[in-house]
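Here is a report on a chain contact, a pocket and some charged pairs. The sequence and structure come first.

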Amino acid sequence: MAVELFDLPGGSGRSTAENVTVVPTEWSRQDAWGRLRCRLFNSVRMNYRVKPGIYAVGAADGRSPVLVTANYKLSFDLLRRELSGFDAWIVVLDTRGINVWCAAGKGTFGTEELIRRIRATRLPEIVEHRRVILPQLGAPGVQAHVVKEHTGFSVDYGPVYARDLPAYLRAGCRATAQMRKVSFDFRERLELTPMEIVPALKGFGIFLAAVFVLFGLQPEGILFHSAFNNGLPVAILGTAALLSGTFLTPLLLPWIPFRSFAVKGFLAGGIATAVLVFLLPAKALQSAYLQAFALLFFPAASSYLALQFTGSTTFTSISGVKKELKIALPLYVAAGAIALVLLVLYKLQDWGIGI
Amino acid sequence: MKYLANVVTLELFPERCSGCGRCLEVCPREVFAKNGKTVRIVDRDSCIECGACMMNCSFGAIRVNSGVGCAAALINGLIRGGEPQCGCGGNEERGESCC
(Lines give C-alpha, C1' and ligand atoms only; values in the text may rest on other atoms or scores of the structure.)
Protein backbone atom coordinates (compact mmCIF):
# COMPACT_ATOMS: atom_id res chain seq x y z
CA MET A 1 0.00 0.00 0.00
CA ALA A 2 1.36 3.38 -0.92
CA VAL A 3 1.67 5.49 2.14
CA GLU A 4 1.60 9.21 1.99
CA LEU A 5 4.02 10.89 4.31
CA PHE A 6 2.73 14.28 5.17
CA ASP A 7 4.86 17.23 4.36
CA LEU A 8 5.62 18.59 7.72
CA PRO A 9 4.25 22.01 8.23
CA GLY A 10 7.66 23.60 8.05
CA GLY A 11 6.19 27.04 7.53
CA SER A 12 9.12 29.01 6.26
CA GLY A 13 11.07 25.76 6.01
CA ARG A 14 13.34 26.81 8.85
CA SER A 15 15.90 24.44 10.24
CA THR A 16 18.28 24.52 13.15
CA ALA A 17 22.06 24.70 12.93
CA GLU A 18 22.07 20.90 13.01
CA ASN A 19 19.83 20.92 9.94
CA VAL A 20 16.78 19.75 11.86
CA THR A 21 13.40 20.94 10.59
CA VAL A 22 11.65 23.39 12.91
CA VAL A 23 7.92 22.72 13.22
CA PRO A 24 5.29 25.20 14.36
CA THR A 25 3.21 24.55 17.46
CA GLU A 26 -0.01 25.91 16.00
CA TRP A 27 -2.32 23.78 13.95
CA SER A 28 -3.26 24.75 10.45
CA ARG A 29 -6.81 24.26 9.22
CA GLN A 30 -5.58 21.14 7.45
CA ASP A 31 -4.33 19.68 10.72
CA ALA A 32 -7.73 20.17 12.35
CA TRP A 33 -9.52 18.78 9.32
CA GLY A 34 -7.15 15.80 9.33
CA ARG A 35 -8.02 15.00 12.94
CA LEU A 36 -11.71 14.95 12.11
CA ARG A 37 -11.18 12.73 9.08
CA CYS A 38 -9.09 10.32 11.18
CA ARG A 39 -11.96 9.91 13.59
CA LEU A 40 -14.35 9.14 10.75
CA PHE A 41 -12.45 7.17 8.15
CA ASN A 42 -10.32 4.13 8.65
CA SER A 43 -8.56 4.70 5.35
CA VAL A 44 -7.41 8.12 6.50
CA ARG A 45 -6.49 7.00 9.99
CA MET A 46 -4.42 4.09 8.76
CA ASN A 47 -2.30 6.30 6.53
CA TYR A 48 -1.87 9.47 8.51
CA ARG A 49 1.84 9.63 9.12
CA VAL A 50 4.83 11.84 9.55
CA LYS A 51 8.34 10.87 8.66
CA PRO A 52 10.26 9.31 11.56
CA GLY A 53 13.26 11.36 12.69
CA ILE A 54 14.01 14.42 14.73
CA TYR A 55 12.27 17.80 14.68
CA ALA A 56 12.76 21.02 16.59
CA VAL A 57 10.30 23.32 18.32
CA GLY A 58 11.09 26.96 19.13
CA ALA A 59 14.79 27.65 19.52
CA ALA A 60 15.84 24.17 20.61
CA ASP A 61 19.47 23.84 21.72
CA GLY A 62 21.75 21.36 23.43
CA ARG A 63 19.97 21.71 26.76
CA SER A 64 16.41 21.46 25.48
CA PRO A 65 14.31 18.48 26.49
CA VAL A 66 13.76 15.62 24.05
CA LEU A 67 10.23 14.32 23.65
CA VAL A 68 9.60 11.02 21.92
CA THR A 69 6.40 10.18 20.04
CA ALA A 70 4.88 7.93 17.38
CA ASN A 71 4.68 8.72 13.69
CA TYR A 72 0.87 8.73 13.64
CA LYS A 73 0.43 12.32 12.56
CA LEU A 74 -2.34 12.97 15.07
CA SER A 75 -0.04 11.90 17.94
CA PHE A 76 2.65 14.20 16.59
CA ASP A 77 0.20 17.09 16.16
CA LEU A 78 -1.24 16.71 19.67
CA LEU A 79 2.28 16.79 21.07
CA ARG A 80 3.60 19.81 19.17
CA ARG A 81 0.45 21.79 19.90
CA GLU A 82 1.24 21.62 23.62
CA LEU A 83 4.79 22.90 23.14
CA SER A 84 3.90 26.48 22.41
CA GLY A 85 6.45 28.72 24.12
CA PHE A 86 8.90 25.87 24.76
CA ASP A 87 12.18 25.02 23.08
CA ALA A 88 12.31 21.28 22.59
CA TRP A 89 13.27 18.40 20.35
CA ILE A 90 10.77 15.85 19.10
CA VAL A 91 12.00 12.40 18.17
CA VAL A 92 9.47 10.51 16.06
CA LEU A 93 9.70 6.73 16.13
CA ASP A 94 8.60 4.62 13.17
CA THR A 95 5.44 3.02 14.52
CA ARG A 96 3.97 2.55 11.04
CA GLY A 97 1.46 5.28 11.61
CA ILE A 98 0.05 3.80 14.80
CA ASN A 99 -0.54 5.80 17.99
CA VAL A 100 1.75 5.43 21.00
CA TRP A 101 -0.46 3.14 23.11
CA CYS A 102 -1.32 0.65 20.38
CA ALA A 103 2.20 0.70 18.96
CA ALA A 104 3.63 0.04 22.43
CA GLY A 105 1.33 -2.98 22.67
CA LYS A 106 2.71 -4.25 19.38
CA GLY A 107 6.28 -3.38 20.33
CA THR A 108 6.80 -0.99 17.40
CA PHE A 109 6.93 1.86 19.88
CA GLY A 110 9.60 -0.15 21.58
CA THR A 111 13.05 -0.57 23.02
CA GLU A 112 14.74 -1.52 19.76
CA GLU A 113 13.20 1.24 17.68
CA LEU A 114 14.03 3.83 20.33
CA ILE A 115 17.66 2.73 20.50
CA ARG A 116 17.89 2.71 16.70
CA ARG A 117 16.25 6.13 16.41
CA ILE A 118 18.45 7.76 19.06
CA ARG A 119 21.45 6.67 17.01
CA ALA A 120 19.99 7.43 13.57
CA THR A 121 19.02 10.98 14.55
CA ARG A 122 22.50 11.53 16.03
CA LEU A 123 20.80 12.67 19.20
CA PRO A 124 23.95 12.31 21.33
CA GLU A 125 25.57 15.00 19.17
CA ILE A 126 22.55 17.29 19.19
CA VAL A 127 21.96 17.44 22.95
CA GLU A 128 24.40 17.72 25.83
CA HIS A 129 22.20 15.92 28.36
CA ARG A 130 21.28 12.22 28.32
CA ARG A 131 17.54 12.13 28.96
CA VAL A 132 14.57 11.40 26.75
CA ILE A 133 10.97 11.94 27.77
CA LEU A 134 8.50 9.30 26.63
CA PRO A 135 4.74 9.43 26.96
CA GLN A 136 3.82 7.19 29.85
CA LEU A 137 1.57 5.09 27.63
CA GLY A 138 4.65 4.09 25.63
CA ALA A 139 5.94 2.16 28.65
CA PRO A 140 4.35 -1.22 27.70
CA GLY A 141 6.71 -1.35 24.72
CA VAL A 142 9.89 0.06 26.21
CA GLN A 143 12.41 -1.33 28.67
CA ALA A 144 13.90 1.85 30.04
CA HIS A 145 16.89 0.12 31.65
CA VAL A 146 17.82 -1.55 28.34
CA VAL A 147 17.67 1.78 26.50
CA LYS A 148 19.97 3.28 29.12
CA GLU A 149 22.41 0.39 28.81
CA HIS A 150 22.66 0.70 25.03
CA THR A 151 22.55 4.45 24.49
CA GLY A 152 23.38 6.08 27.80
CA PHE A 153 20.04 7.90 27.67
CA SER A 154 17.75 7.59 30.68
CA VAL A 155 14.08 7.36 29.99
CA ASP A 156 11.71 9.64 31.84
CA TYR A 157 8.08 8.70 31.50
CA GLY A 158 6.13 11.89 31.09
CA PRO A 159 2.41 12.40 31.58
CA VAL A 160 -0.19 10.18 29.94
CA TYR A 161 -1.74 13.14 28.15
CA ALA A 162 0.05 15.71 26.03
CA ARG A 163 -2.12 18.41 27.59
CA ASP A 164 -0.22 17.95 30.87
CA LEU A 165 3.17 18.42 29.22
CA PRO A 166 3.53 22.16 29.83
CA ALA A 167 2.94 21.69 33.58
CA TYR A 168 5.25 18.65 33.60
CA LEU A 169 8.06 20.51 31.87
CA ARG A 170 7.68 23.58 34.06
CA ALA A 171 7.83 21.40 37.17
CA GLY A 172 11.26 20.15 36.07
CA CYS A 173 9.96 16.95 34.49
CA ARG A 174 7.92 15.84 37.44
CA ALA A 175 4.55 14.20 36.92
CA THR A 176 1.84 14.43 39.53
CA ALA A 177 -0.17 11.32 40.39
CA GLN A 178 -3.04 12.82 38.42
CA MET A 179 -0.89 13.07 35.28
CA ARG A 180 -0.13 9.35 35.51
CA LYS A 181 -3.73 8.20 35.36
CA VAL A 182 -5.72 7.39 32.25
CA SER A 183 -9.12 8.95 32.09
CA PHE A 184 -12.05 7.98 29.93
CA ASP A 185 -14.55 10.76 30.24
CA PHE A 186 -17.69 11.48 28.27
CA ARG A 187 -15.94 13.57 25.63
CA GLU A 188 -13.23 10.98 25.05
CA ARG A 189 -15.85 8.27 24.65
CA LEU A 190 -17.90 10.46 22.33
CA GLU A 191 -14.88 11.10 20.13
CA LEU A 192 -14.37 7.35 19.69
CA THR A 193 -17.96 6.35 18.88
CA PRO A 194 -17.78 7.07 15.13
CA MET A 195 -15.11 4.36 14.92
CA GLU A 196 -17.69 1.97 16.35
CA ILE A 197 -20.61 3.11 14.23
CA VAL A 198 -18.88 3.32 10.85
CA PRO A 199 -17.46 -0.25 10.77
CA ALA A 200 -20.81 -1.60 12.01
CA LEU A 201 -22.62 0.00 9.06
CA LYS A 202 -21.30 -2.68 6.71
CA GLY A 203 -23.07 -5.39 8.67
CA PHE A 204 -26.09 -3.14 8.98
CA GLY A 205 -26.36 -2.89 5.20
CA ILE A 206 -26.48 -6.67 4.97
CA PHE A 207 -29.11 -6.70 7.72
CA LEU A 208 -31.31 -4.21 5.81
CA ALA A 209 -31.01 -6.20 2.60
CA ALA A 210 -31.98 -9.38 4.45
CA VAL A 211 -34.99 -7.63 6.05
CA PHE A 212 -36.10 -6.38 2.64
CA VAL A 213 -35.90 -9.83 1.06
CA LEU A 214 -37.43 -11.66 4.00
CA PHE A 215 -40.40 -9.39 4.47
CA GLY A 216 -40.91 -8.80 0.78
CA LEU A 217 -40.86 -12.48 -0.01
CA GLN A 218 -44.38 -13.65 -0.72
CA PRO A 219 -45.68 -16.65 -2.63
CA GLU A 220 -46.12 -14.20 -5.56
CA GLY A 221 -42.47 -13.07 -5.47
CA ILE A 222 -40.73 -10.21 -3.70
CA LEU A 223 -43.29 -7.50 -3.17
CA PHE A 224 -42.12 -4.01 -2.43
CA HIS A 225 -45.14 -2.90 -0.40
CA SER A 226 -44.90 -6.04 1.72
CA ALA A 227 -41.19 -5.48 2.27
CA PHE A 228 -41.82 -1.90 3.28
CA ASN A 229 -44.88 -2.36 5.48
CA ASN A 230 -43.73 -5.41 7.34
CA GLY A 231 -40.01 -4.77 7.22
CA LEU A 232 -39.99 -1.17 8.38
CA PRO A 233 -40.65 -1.87 12.09
CA VAL A 234 -37.88 -4.47 12.08
CA ALA A 235 -35.52 -2.07 10.31
CA ILE A 236 -36.31 0.55 12.97
CA LEU A 237 -35.57 -1.92 15.74
CA GLY A 238 -32.32 -2.83 13.98
CA THR A 239 -31.30 0.81 13.84
CA ALA A 240 -32.02 1.15 17.54
CA ALA A 241 -29.88 -1.92 18.30
CA LEU A 242 -27.04 -0.53 16.19
CA LEU A 243 -27.14 2.79 18.01
CA SER A 244 -27.53 1.25 21.43
CA GLY A 245 -24.48 -0.98 20.95
CA THR A 246 -22.15 1.44 19.19
CA PHE A 247 -23.22 4.80 20.57
CA LEU A 248 -25.41 4.68 23.67
CA THR A 249 -23.51 1.98 25.55
CA PRO A 250 -20.09 3.63 25.01
CA LEU A 251 -21.46 7.02 26.03
CA LEU A 252 -23.38 5.83 29.08
CA LEU A 253 -20.73 3.28 30.05
CA PRO A 254 -20.23 4.27 33.71
CA TRP A 255 -23.96 4.52 34.37
CA ILE A 256 -25.09 1.22 32.88
CA PRO A 257 -24.91 -1.41 35.63
CA PHE A 258 -22.55 -4.42 35.61
CA ARG A 259 -18.92 -4.47 34.57
CA SER A 260 -19.24 -6.77 31.59
CA PHE A 261 -19.53 -4.94 28.27
CA ALA A 262 -21.64 -7.76 26.85
CA VAL A 263 -24.13 -7.38 29.69
CA LYS A 264 -24.13 -3.58 29.43
CA GLY A 265 -24.84 -3.81 25.70
CA PHE A 266 -27.55 -6.40 26.25
CA LEU A 267 -29.27 -4.24 28.85
CA ALA A 268 -29.13 -1.09 26.72
CA GLY A 269 -30.33 -2.98 23.65
CA GLY A 270 -33.00 -4.77 25.63
CA ILE A 271 -34.44 -1.56 27.01
CA ALA A 272 -34.30 0.18 23.62
CA THR A 273 -36.03 -2.78 21.95
CA ALA A 274 -38.69 -3.16 24.65
CA VAL A 275 -39.53 0.54 24.56
CA LEU A 276 -39.82 0.53 20.77
CA VAL A 277 -41.91 -2.63 20.66
CA PHE A 278 -44.23 -0.93 23.13
CA LEU A 279 -44.32 2.34 21.16
CA LEU A 280 -44.76 0.88 17.69
CA PRO A 281 -48.36 0.61 16.50
CA ALA A 282 -49.89 -2.69 17.57
CA LYS A 283 -50.19 -3.98 14.04
CA ALA A 284 -46.51 -3.38 13.29
CA LEU A 285 -45.37 -6.47 15.18
CA GLN A 286 -48.54 -8.49 15.40
CA SER A 287 -46.92 -11.88 15.24
CA ALA A 288 -45.81 -13.29 18.58
CA TYR A 289 -42.97 -15.01 16.72
CA LEU A 290 -41.78 -11.68 15.43
CA GLN A 291 -42.00 -10.10 18.88
CA ALA A 292 -40.01 -12.95 20.37
CA PHE A 293 -37.47 -12.60 17.57
CA ALA A 294 -37.11 -8.87 18.22
CA LEU A 295 -36.72 -9.23 21.98
CA LEU A 296 -34.03 -11.87 21.53
CA PHE A 297 -32.10 -10.80 18.47
CA PHE A 298 -31.73 -7.05 18.95
CA PRO A 299 -30.48 -7.06 22.54
CA ALA A 300 -27.98 -9.77 21.52
CA ALA A 301 -26.83 -7.68 18.54
CA SER A 302 -26.44 -4.64 20.77
CA SER A 303 -24.46 -6.75 23.23
CA TYR A 304 -22.10 -7.95 20.49
CA LEU A 305 -21.52 -4.42 19.23
CA ALA A 306 -20.92 -3.10 22.74
CA LEU A 307 -18.33 -5.82 23.33
CA GLN A 308 -16.33 -4.43 20.40
CA PHE A 309 -15.86 -1.22 22.34
CA THR A 310 -13.56 -3.02 24.79
CA GLY A 311 -10.75 -2.33 22.31
CA SER A 312 -11.25 1.42 22.49
CA THR A 313 -11.39 1.78 26.23
CA THR A 314 -8.62 2.51 28.66
CA PHE A 315 -9.62 0.09 31.38
CA THR A 316 -10.21 -3.38 29.94
CA SER A 317 -7.77 -6.26 30.27
CA ILE A 318 -7.13 -9.09 27.86
CA SER A 319 -7.98 -11.69 30.52
CA GLY A 320 -11.30 -9.97 31.11
CA VAL A 321 -12.21 -9.77 27.44
CA LYS A 322 -11.27 -13.44 26.98
CA LYS A 323 -13.60 -14.35 29.80
CA GLU A 324 -16.42 -12.31 28.31
CA LEU A 325 -15.95 -13.90 24.91
CA LYS A 326 -15.84 -17.39 26.30
CA ILE A 327 -19.26 -16.92 27.82
CA ALA A 328 -20.83 -14.57 25.30
CA LEU A 329 -19.82 -16.08 21.94
CA PRO A 330 -21.73 -19.37 22.41
CA LEU A 331 -24.73 -17.36 23.61
CA TYR A 332 -24.62 -15.15 20.51
CA VAL A 333 -24.53 -18.22 18.28
CA ALA A 334 -27.46 -19.76 20.18
CA ALA A 335 -29.44 -16.50 20.06
CA GLY A 336 -28.78 -16.23 16.33
CA ALA A 337 -29.97 -19.80 15.73
CA ILE A 338 -33.14 -19.38 17.79
CA ALA A 339 -33.82 -16.03 16.10
CA LEU A 340 -33.58 -17.72 12.73
CA VAL A 341 -36.05 -20.43 13.74
CA LEU A 342 -38.47 -17.76 15.01
CA LEU A 343 -38.22 -15.95 11.69
CA VAL A 344 -38.97 -19.13 9.76
CA LEU A 345 -41.99 -19.77 12.00
CA TYR A 346 -43.16 -16.21 11.45
CA LYS A 347 -42.78 -16.59 7.70
CA LEU A 348 -44.74 -19.83 7.66
CA GLN A 349 -47.49 -18.14 9.65
CA ASP A 350 -47.36 -15.13 7.34
CA TRP A 351 -47.88 -17.35 4.31
CA GLY A 352 -50.71 -19.13 6.03
CA ILE A 353 -48.93 -22.45 6.14
CA GLY A 354 -49.86 -21.97 9.77
CA ILE A 355 -48.59 -23.90 12.68
CA MET B 1 -14.45 2.65 35.90
CA LYS B 2 -13.34 -0.87 36.59
CA TYR B 3 -13.51 -3.98 34.50
CA LEU B 4 -14.33 -7.56 35.57
CA ALA B 5 -13.22 -8.63 39.04
CA ASN B 6 -10.64 -11.36 39.72
CA VAL B 7 -9.49 -12.03 36.18
CA VAL B 8 -6.16 -10.25 36.06
CA THR B 9 -2.93 -12.29 35.77
CA LEU B 10 -0.67 -9.76 37.52
CA GLU B 11 1.87 -11.18 40.00
CA LEU B 12 4.45 -9.44 42.12
CA PHE B 13 7.38 -11.23 43.78
CA PRO B 14 8.29 -9.12 46.83
CA GLU B 15 11.56 -10.98 47.36
CA ARG B 16 12.89 -9.61 44.06
CA CYS B 17 11.48 -6.11 44.48
CA SER B 18 14.04 -3.40 45.17
CA GLY B 19 11.43 -0.77 45.91
CA CYS B 20 12.68 1.49 43.11
CA GLY B 21 9.13 2.54 42.30
CA ARG B 22 9.44 2.41 38.52
CA CYS B 23 6.21 0.37 38.35
CA LEU B 24 4.33 3.10 40.19
CA GLU B 25 5.59 5.54 37.61
CA VAL B 26 4.53 3.59 34.51
CA CYS B 27 1.24 2.15 35.78
CA PRO B 28 -1.66 4.19 34.37
CA ARG B 29 -4.15 2.65 36.81
CA GLU B 30 -2.61 3.14 40.28
CA VAL B 31 -2.40 -0.59 40.87
CA PHE B 32 0.73 -0.41 43.04
CA ALA B 33 1.70 1.45 46.17
CA LYS B 34 4.91 1.79 48.14
CA ASN B 35 4.91 -0.41 51.20
CA GLY B 36 7.98 0.45 53.22
CA LYS B 37 10.97 -0.75 51.21
CA THR B 38 9.03 -2.70 48.62
CA VAL B 39 5.97 -2.28 46.49
CA ARG B 40 2.66 -4.06 46.80
CA ILE B 41 -0.43 -4.50 44.69
CA VAL B 42 -3.23 -2.41 46.14
CA ASP B 43 -5.82 -2.41 43.37
CA ARG B 44 -5.56 -5.57 41.36
CA ASP B 45 -8.91 -5.30 39.55
CA SER B 46 -7.88 -1.98 38.06
CA CYS B 47 -4.97 -3.61 36.22
CA ILE B 48 -5.42 -3.60 32.44
CA GLU B 49 -2.52 -5.99 31.79
CA CYS B 50 -0.70 -3.52 29.58
CA GLY B 51 2.64 -4.94 30.73
CA ALA B 52 4.35 -1.60 31.34
CA CYS B 53 5.40 -2.56 34.89
CA MET B 54 6.86 -5.91 33.84
CA MET B 55 8.75 -4.37 30.91
CA ASN B 56 10.28 -1.69 33.07
CA CYS B 57 11.13 -3.77 36.12
CA SER B 58 14.83 -4.48 35.79
CA PHE B 59 14.64 -6.89 38.73
CA GLY B 60 12.11 -9.25 37.18
CA ALA B 61 9.81 -8.83 40.16
CA ILE B 62 6.58 -8.53 38.15
CA ARG B 63 4.87 -10.97 35.85
CA VAL B 64 1.70 -10.44 33.86
CA ASN B 65 0.26 -11.99 30.71
CA SER B 66 0.00 -8.77 28.83
CA GLY B 67 -2.01 -7.97 25.76
CA VAL B 68 -4.67 -5.61 24.54
CA GLY B 69 -8.18 -6.10 25.89
CA CYS B 70 -9.87 -5.85 22.52
CA ALA B 71 -12.73 -8.16 21.56
CA ALA B 72 -12.29 -7.50 17.83
CA ALA B 73 -8.67 -8.62 18.03
CA LEU B 74 -9.49 -11.78 19.95
CA ILE B 75 -12.33 -12.69 17.58
CA ASN B 76 -10.06 -12.07 14.60
CA GLY B 77 -7.52 -14.38 16.18
CA LEU B 78 -10.15 -17.06 16.72
CA ILE B 79 -11.37 -16.88 13.14
CA ARG B 80 -7.95 -16.81 11.49
CA GLY B 81 -6.30 -18.99 14.07
CA GLY B 82 -3.33 -18.01 16.14
CA GLU B 83 -2.59 -14.81 17.96
CA PRO B 84 -5.06 -11.97 18.45
CA GLN B 85 -4.82 -9.63 15.48
CA CYS B 86 -6.19 -6.24 16.15
CA GLY B 87 -6.09 -5.04 12.57
CA CYS B 88 -5.05 -1.62 13.80
CA GLY B 89 -2.25 -2.06 11.35
CA GLY B 90 1.36 -1.80 12.31
CA ASN B 91 1.91 -5.13 10.65
CA GLU B 92 1.27 -3.42 7.34
CA GLU B 93 -1.92 -5.38 7.11
CA ARG B 94 -5.26 -4.20 5.99
CA GLY B 95 -6.81 -2.19 8.72
CA GLU B 96 -10.16 -2.84 10.23
CA SER B 97 -11.16 -1.16 13.37
CA CYS B 98 -10.06 -0.56 16.87
CA CYS B 99 -7.66 1.77 18.54
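Which element gives the most to the lining of the second largest pocket? That is α10(A), with twelve residues. Helices (H or I, at least four residues) and strands (E, at least two) are DSSP runs, numbered from the N terminus.

## Basis

This is a predicted model: local features need pLDDT of at least 70, side-chain atom pairs count only at pLDDT 80 or more, and totals for chains, interfaces and linings use all residues. Residues are numbered from 1 along each chain as its sequence is written, chains are lettered from A and ligands numbered from 1 in the order in which they are written, and side-chain values use heavy atoms, leaving out hydrogens and water.

## The second largest pocket

The pocket holds about 1300 Å³ of space. A pocket here is an open set of points on a 1 Å grid over the protein atoms alone, where a 1.4 Å probe fits, with protein on both sides within 12 Å along at least five of seven lines. Its volume is the space filled by probe spheres set on the points, which are joined across faces, edges and corners.

Lining residues have an atom within 4 Å of a point. There are 42 of them, and A:Ala200, A:Gly203, A:Phe204, A:Tyr304 and A:Leu305 lie nearest the centre. Two or more residues come from each of α10, α11 (224-252), α13 and α14 of chain A, and from α3 (71-80) of chain B. By class, the lining has 29 nonpolar, nine polar and four charged residues. Ala, Val, Leu, Ile, Met, Phe, Trp, Tyr, Cys and Pro count as nonpolar, Asp, Glu, Lys and Arg as charged, and the others, Gly among them, as polar.

## The A–B contact

Chain A brings 55 residues to the contact and chain B brings 50 (heavy atoms within 4.5 Å). About 4300 Å² is buried between them, 61% of it from carbon and sulfur atoms. Buried area is the accessible area (1.4 Å probe) lost on putting the two parts together, summed over both.

## Salt bridges

A salt bridge puts a side-chain nitrogen of Lys or Arg within 4 Å of a carboxyl oxygen of Asp or Glu. Two lie between chain A and chain B. One pairs A:Arg180 with B:Glu25, closest N and O atoms 3.9 Å apart.

Within chain A, A:Lys73 pairs with A:Asp31 at 2.7 Å. A:Lys73 sits in α3 (residues 73-81) and A:Asp31 in α1 (residues 29-40), 42 residues apart.
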